[in-house]
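This report covers selected features of one model, from a helix pair to a sheet and then to single residues.

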Amino acid sequence: MCTAPSVVSGEEVVLKSNDGSTYLKGDLLSYDGEMFRLGTTIGTLQIAALSVECEGAACPSARTSEMPLRVLGGTPKVADLIGALVFGLGEEMNTRPQQRMISPEKMSFLLNGTDPDDPHQIVVASGDAAADTRALHDGHADMLIGSRLEVEGEDMAKYLLAHDAMVALVSPQSPRNALTLQDLSGVLRGTVTNWSELGGPDLRIVLAWPEDDPELMSALTARFGTLTEHGRRMSADRMADFVRRTPAAIGFSRYSNRRSAKPMTLVSDCGLVTAITDFTIRTGDYPLSLPVNLYHKAGGGGPDANSLIKFAMSREGRELISDAGLIAPGMATTGIDALGPFMISAVTAARGEAELADIQDLFNHLVGAERTSAVLRFDSGSYRINVATHGDLSELAADLAGRLGDHSELVIVGFTDEVEASQQRRDLARARSEAVRDGLLAAGLPENTTARIQTLAYEAIAPIGCNSDPEGRAQNRRVELWVRQAS
């Protein structure tokens, strides 16, 4: 495996945050392509290279390895996205990458930057999901972009590159516009073959599968079990167009590949309705999420890997991700008036007058507020914020700080699932909302907002998923963030 050689200096450097707002001065003890070790007046500190810019004569050069950065992307759409990010990075470096096809599955990009004699080479390839994963673990690749949930290891970093989801696509003239998860499972497994079994006319279901997206097929199998072998197979783009023109068809795709076909609304087995929108995918309310992650093996690709990751996480990179039809990370908001299905489900799921009173109290507190797409979920019985799941809270704190005016208010609402010990549920929900408040303040939310933060706790009301199954309970153990602007 290629790793960037360690730089050892002892000379003074300045590490500045990417936005230039903070800096740290000290002696550069070492740099391994991934982390700076800095000797400071308060001791030795380790700082991730992705989070800072280095200034000073002792800073490592922009190029410390002659080997190319090797990036794997499992689908044609992802490979195209990587290419777009490489070109965006080239524009930031004031150069236009020279593109060369090595094979139908492999493309090479040369970025000359400010030194035409020292080109940066990035090789992008697409292939089999399992083979790509092995290549990353074995050191034959430096970075992998895809939805593989099994890429793990202490030396593996994971970044959320984009939100996406698994969807069932139908024609606008389809006999049905909504399916229960149980019915969807039946269609996928081949036990439901006629629209009459779904409450429609006596019409055979025409299945369609994307032959160029093995990751999606693997994710569907992991979620629903062995899939039927019947159905028409074609490229994801052709499949979406075929489904749009065929009223009897159901196709399975990514949300980002839906084109003009219609995604079906899902109804949980306990009757909760979840329309599929950018917002419900961002929040995780839609139960069949399929995030696009960027996996990076420590040291792999050296500074070029750091530059590409940093660009992908930047505002310019996220614009390219959105242009590719994916949902870029970042906060979105929606008013409570747009959450009609959620409100109806909350009321219909209530059991008894006490829960109805709690729901009324919740809605009264949220009048005039907008729900943000930021949702934090918790392990059963815990109020600990899982950094591995939610990442660094500093970006969320910065986003909220930009939305909170002098008189606006942040409402933090904690919930539990139904199984967590009933006598402790209200306390647990309160502990979750207070843990999020404290975490955001520690991560940089200005102290002058403290008086305008309200924490609420509501136990197991207003469920997002069914409390009768583990996946639904995991959705319900959550904290939502709402913002009420000054009138």
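## Contact between α1 and α7

In this predicted model, Leu85, Val86, Gly88, Leu89 and Glu92 of α1 make contact with Ser307, Leu308, Phe311 and Ala312 of α7. By residue class, the contact of α1 with α7 consists of 6 nonpolar, 2 polar and 1 charged.

Two packed helices are described by the angle between their axes and the distance between the axes. Here helix α1 spans residues 76-92 and helix α7 spans residues 302-313; their axes come within 10 Å and cross at roughly 100°. An angle of 65 to 115 degrees counts as roughly perpendicular, so α1 is roughly perpendicular to α7.

## The seven-stranded sheet

The model contains an open sheet of 7 strands with mixed pairing, in the order β7-β8-β9-β6-β10-β20-β11. Its edges are β7 (98-103) and β11 (156-162). Each of these two has a single partner strand, so one side of each is left without a neighbour in the sheet. From one strand to the next, the twist averages 20°.

Within the sheet, β6 (residues 69-73) pairs with β10 (residues 143-146) in the parallel sense, over 3 bridges. Leu72 has Leu144 in β10 as its bridge partner. Helix α1 packs on this sheet and touches β6, β7, β8 (106-111), β9 (120-125), β10 and β11. The direction of α1 makes about 5° with that of β8.

## Positive phi in two loops

Arg259 is not a glycine, yet has a positive phi of about 50°. This residue belongs to the loop between β16 (249-254) and β17 (262-263). Its relative accessible area is 47%, which makes Arg259 partly exposed.

Ala462, also not a glycine, has a positive phi of about 50°. The loop that holds Ala462 runs between β24 (453-457) and α14 (470-476). Is Ala462 buried or exposed? With a relative accessibility of 2%, Ala462 counts as buried, since the cut-off for that class is under 20%.

Thr246 is placed in the loop between α5 (236-245) and β16. A polar atom of the Thr246 side chain lies 2.7 Å from the backbone oxygen of Phe242. The relative accessible area of Thr246 is 17%; because buried means under 20%, Thr246 is classed as buried.

How values were computed:
Residues numbered from 1 in each chain as written. Predicted model: local features only at pLDDT ≥ 70, side-chain atom pairs only at ≥ 80, totals over all residues. Heavy atoms only, no water. Helix = DSSP H or I, 4+ residues; strand = E, 2+ residues; numbered from the N terminus. Buried < 20%, exposed > 50% of the residue type's maximum accessible area, 1.4 Å probe, protein only. Axes fitted to C-alpha atoms, helices over the stretch in contact; angles between N-to-C directions. Parallel < 35°, antiparallel > 145°, perpendicular 65-115°, else oblique. Contact = heavy atoms within 4.5 Å. Nonpolar A, V, L, I, M, F, W, Y, C, P; charged D, E, K, R; others polar. Polar contact = N/O pair within 3.5 Å; in protein donor to acceptor, adjacent residues only side chain to side chain. Pairing = 2+ DSSP bridges.
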